[in-house]
Amino acid sequence: MVRLKTLLQNAHLWRYSFTHLCGVQQVRLRTCLRMPYICTFFDRVFSWSVLIGIAILCTAQTPVYAGFKLGENGPRINGFVENDFGIKLGYDSTKRDEFNLFEQRLQLKTKLYPSWNSIFEDWGTAIDAKADFTVDEYFNGRTNAQWRLLNLSLAPVSWLDLRAGRQVFTWGTGDYLFINDLFPKDYVSFYIGRNDEYLKKPSDGVKASLYSEISNVDIIIIPEFEPNTLFNGQRVSFFDSFQGGIAGVNSQRTLSVPSQNPENAEYALRLYRSYDSYEAAAYFFRGFWKSPRGYLDEMNRILFYPRLDAYGLSLRGPGLGGIVNAEMGYYNSRQDDNGDNRRIQNSMIKFMLGISKDLGNDLSVGVQYLFEQTLDYANYQNALMSADYVWDEYRHLNTLRITKLYKNQTVMIGLFVFFSPSDLDGYIRPTMDYDINDAWKLTLGANLSWGEDVHTEFGQTEYNKNIYSRIKYSF
Amino acid sequence: MKKNIFLGMLICFSLIIFLGLTRTVSAEESLEEIITKANNTAYYGGNDGRAKVKMTITDNQGRKRVREFTILRFDIEDGKEQKYYVYFNKPVDVQDMVYMVWKYIDKDDDRWMYLPALDLVRRIAASDKRSSFVGSNFVYEDISGRGLTLDTHELVSSEGDMYKIKNTPKKADEVEFSYFEIYINKESYLPVKAEYYDKKGKLYKVITALEVKDIQGHPTVVKSQAKDLLTNSKTVIDFSNIEYDLGIDDGVFTERYLRRPPRKWLD
């Protein structure tokens with residue numbers, strides 16, 4: 001009875017069912033060992049593995065359970081629950097050294113088709129909603145609820161689609177490489193091994209898509225700036241120029257985000273069409289660098305997101321026995337057009353070439369090459385001060401993806417490698433997915449980065465290598 | 001007289017040759033006719049079509065996996081180019097994903113995959129049409145058809161109500177079978193069975209039409225099974241909600257509708 005009362009009082013019912021299931025055991029272990037923290041950690045791992053084991057055994061024959069309905073004619077709710085756990089392989093000064101990923105997640109999603117007015121039906125109106133609830137053991141069981149999607153879409157006329165609200169925007173041709181996709185990303189999620197879905201952050205905005213014979217046009221307006229989620233030393237250590245090297249919790253940077261006012265709205269435009277089997281696109285973006293590429297106040301360690309315009313082109317289609325893609329972009333760093341301000345990122349040119357091939361027998365391979373050049377480099381060099389870190393003018397980056405499916409495509413072994421011959425750093429992401437059945441999926445993977453220098457993209461995360469597991473139940 | 005005999009012989013000879021020739025020609029024509037008609041019946045019914053598909057994959061230990069999706073098809077020309085739109089419902093893990101194919105005869109198909117969680121439209125390399133479709137015992141070619149010009153065809157028998165046609169690949173190294181035999185119903189021209197032989201000449205895979213119905217005048221397979229005799233696994237497809245000539249707009253088969261599934265046609 002007491003337990004039931006507690007349960008009812010607990011606002012996070014779902015969490016209760018997952019973490020507290022093992023509560024009794026936790027208390028016992030904690031009392032006997034008198035090492036609260038270690039206990040919580042290990043007995044949770046233990047109880048989770050027991051839970052997972054039981055679940056696997058029980059559900060080997062479970063039929064697909066496709067969500068549940070709210071009421072007779074109500075919307076269908078689908079989603080998943082999962083547990084992610086990543087053991088950290090390096091030691092540094094982040095909050096924890098044992099693990100850098102340990103969380104439970106519940107995702108619920110639904111799609112509504114308003115029909116109370118015939119106009120909604122005529123316009124093909126739909127509401128997409130998707131919410132995530134997490135318990136993050138990394139931050140001592142911190143709970144969080146977030147709308148991943150909450151938007152309204154409609155097509156008032158045959159040549160126009162509108163979508164307003166929280167949504168994920170994606171375009172461009174790269175595989176984990178982005179030139180013209182300047183929408184916010186969560187690189188912390190990426191580096192600790194959360195599902196790929198979480199690399200893309202949702203934005204609050206409006207997208208209008210216009211269709212015609214000559215060209216299709218996407219216009220996106222994002223009223224409020226949303227930055228990339230980057231390493232801040234709490235969970236992932238990184239290169240902090242203020243600390244003169246790799247920083248963890250000792251990092252004391254402040255990131256100044258553009259305030260919410262009409263002048264700071266972001267705009268993105270894409271024109272695209274196909275020529276036979278080839279897809280061509282032109283892009284324009286006006287907004288801000290998504291990472292803090294400027295010093296606002298060096299004394300007080302404040303960084304900011306400078307203004308950015310980007311212009312780009314891409315082409316994708318069949319070639320060389322596979323799919324070939326090419327993309328380029330010109331980044332105009334508007335607050336440092338000449339490149340002579342040492343405190344703000346210079347303008348850049350980026351170019352990418354890639355090919356992916358299907359080699360048969362469920363084996364596919366993809367390679368990409370990315371070239372980046374900092375423009376007005378001489379001006380930047382002249383402006384540098386003696387204590388400044390010097391960033392290279394050129395960067396070359398290669399990627400390799402290998403995917404092989406086994407056991408009637410229920411087992412996927414994948415490898416993704418980033419390697420930069422100019423920065424002498426790299427990042428390897430091996431993964432193994434196993435569809436235990438239609439509801440349960442087990443993922444094992446690793447995030448292994450290294451580098452000659454501490455200030456390069458992958459070199460800085462060298463101490464955050466991890467091996468992770470994810471068990472997911474979809475319903 | 002001699003002249004007449006000679007002339008008579010010439011006429012007879014020419015007739016024999018002529019008749020003989022015409023017979024071979026007509027035989028070839030009819031074989032081509034059979035396979036063309038069968039191909040059109042199996043894959044090009046109506047100008048467009050829709051079906052809800054439930055795929056039950058059973059492995060050698062009896063474990064079942066279920067895939068549910070809706071297929072939309074649009075024919076540009078019978079026996080030639082087609083477009084397919086496949087919208088996944090189950091398993092939930094791949095819910096709302098869309099797989100789209102523009103099928104060509106003389107070049108590789110164009111294939112796209114839409115991943116809703118990332119709002120990502122991915123282009124897929126499509127050279128291997130003999131790989132499994134969504135982990136089932138059916139391969140891509142079983143779903144969208146195999147190009148007729150890829151094989152040489154031979155009428156093995158036409159006994160009873162079936163034509164039995166042996167198909168030998170012209171490029172043997174591109175496929176896993178040495179040949180396959182197909183049984184075609186003489187009346188409806190619907191292929192009802194296909195037997196695949198491996199490189200050693202051993203039968204290893206059988207696809208059977210378990211149930212056929214007449215839908216809007218088109219003989220239609222509503223239940224089909226692919227059985228792998230080597231691994232002892234099988235896949236059964238149940239088709240429902242089948243409809244031909246819905247008047248699906250060609251524009252549905254574009255990036256626009258990958259991002260915004262066309263409910264009008266899918267439901």
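Two strands pair if DSSP finds at least two bridges between them. Keep that in mind for what follows, and keep in mind too that this is a predicted model.

**Strands and hairpins in chain B**

Chain B has four helices and 13 strands. Let's start with a run of three of those strands. Strand E9 (residues 179–185) of chain B pairs with strand E10 (residues 191–197) of chain B in the antiparallel sense, over six bridges. Within that pairing, Glu181(B) has Glu195(B) in E10(B) as its bridge partner. The two strands make a hairpin with five residues between them, and Tyr189(B) in the turn has a positive phi of about 60°.

E10(B) also pairs with strand E11 (residues 203–215) of chain B, again antiparallel, here over five bridges.

**A sheet in chain A**

Over in chain A, an open sheet of three strands runs in the order E11-E15-E14, with mixed pairing. Its edges are strand E11 (254–256) and strand E14 (294–297) of chain A, each pairing on one side only. From one strand to the next, the twist averages 40°. E11(A) and strand E15 (residues 302–304) of chain A are parallel partners over three bridges, with Thr254(A) bridged to Ile302(A) in E15(A).

Here are the strand pairs side by side:

| Strand pair | Sense | Bridges |
|---|---|---|
| E9(B) and E10(B) | antiparallel | six bridges |
| E10(B) and E11(B) | antiparallel | five bridges |
| E11(A) and E15(A) | parallel | three bridges |

**Cores and burial**

The largest nonpolar core has 44 residues, and Tyr85(B), Val86(B), Val98(B) and Met100(B) touch the most other members. Take Val98(B): leaving out residues up to four places away in sequence, Val98(B) touches Tyr85(B), Val86(B), Tyr87(B), Tyr114(B), Leu258(B) and Pro261(B). Apart from that core lies another, of 19 residues, including Tyr283(A), Leu308(A), Ala310(A) and Tyr331(A).

For chain B as a whole, buried residues make up 31% of its 267 residues. Among the contacts in chain B with a separation of 6 or more, 41% join residues 24 or more positions apart.

**Phe80(A)**

Why does Phe80(A) count as buried? Phe80(A) has 20 other C-beta atoms within 10 Å, and a residue is buried if 20 or more lie within that distance. Phe80(A) sits in strand E2 (residues 76–88) of chain A. Not counting residues up to four places away in sequence, Phe80(A) touches Gln107(A), Lys472(A), Tyr473(A), Ser474(A) and Phe475(A). Val236(A) is another matter: Phe80(A) and Val236(A) are 156 residues apart in sequence and 26 Å apart in space, C-alpha to C-alpha.

**Where the chains meet**

The contact between the chains takes 27 residues from chain B and 36 residues from chain A. On the chain B side, strand E2 (64–75) and strand E6 (120–124) are the elements that give two or more residues. That side divides into nine nonpolar, five polar and 13 charged residues.

**Confidence in chain A**

Chain A has a mean pLDDT of 88, and 86% of its residues reach 70 or more. Where does pLDDT stay under 50 in chain A? One stretch is residues 1–39 of chain A, for which the model has 26 contacts beyond four places in sequence. Another is residues 60–64 of chain A, with nine such contacts.

Key
Residues are numbered from 1 along each chain as its sequence is written. Chains are lettered from A and ligands numbered from 1 in the order in which they are written. This is a predicted model: local features need pLDDT of at least 70, side-chain atom pairs count only at pLDDT 80 or more; totals for chains, interfaces and linings use all residues. Two residues are in contact if their C-beta atoms, placed from the backbone, lie within 7 Å. Ala, Val, Leu, Ile, Met, Phe, Trp, Tyr, Cys and Pro count as nonpolar, Asp, Glu, Lys and Arg as charged, and the others, Gly among them, as polar. pLDDT is the predictor's confidence in each residue, from 0 to 100. A nonpolar core is a set of buried Ala, Val, Leu, Ile, Met, Phe, Trp, Tyr and Cys residues joined through C-beta atoms within 7 Å. A residue is buried if 20 or more other C-beta atoms lie within 10 Å of its own, exposed if 12 or fewer, and partly exposed in between; C-beta atoms are placed from the backbone. Axes are lines fitted to C-alpha atoms, for helices over the stretch in contact, and angles run from 0 to 180 degrees between N-to-C directions.
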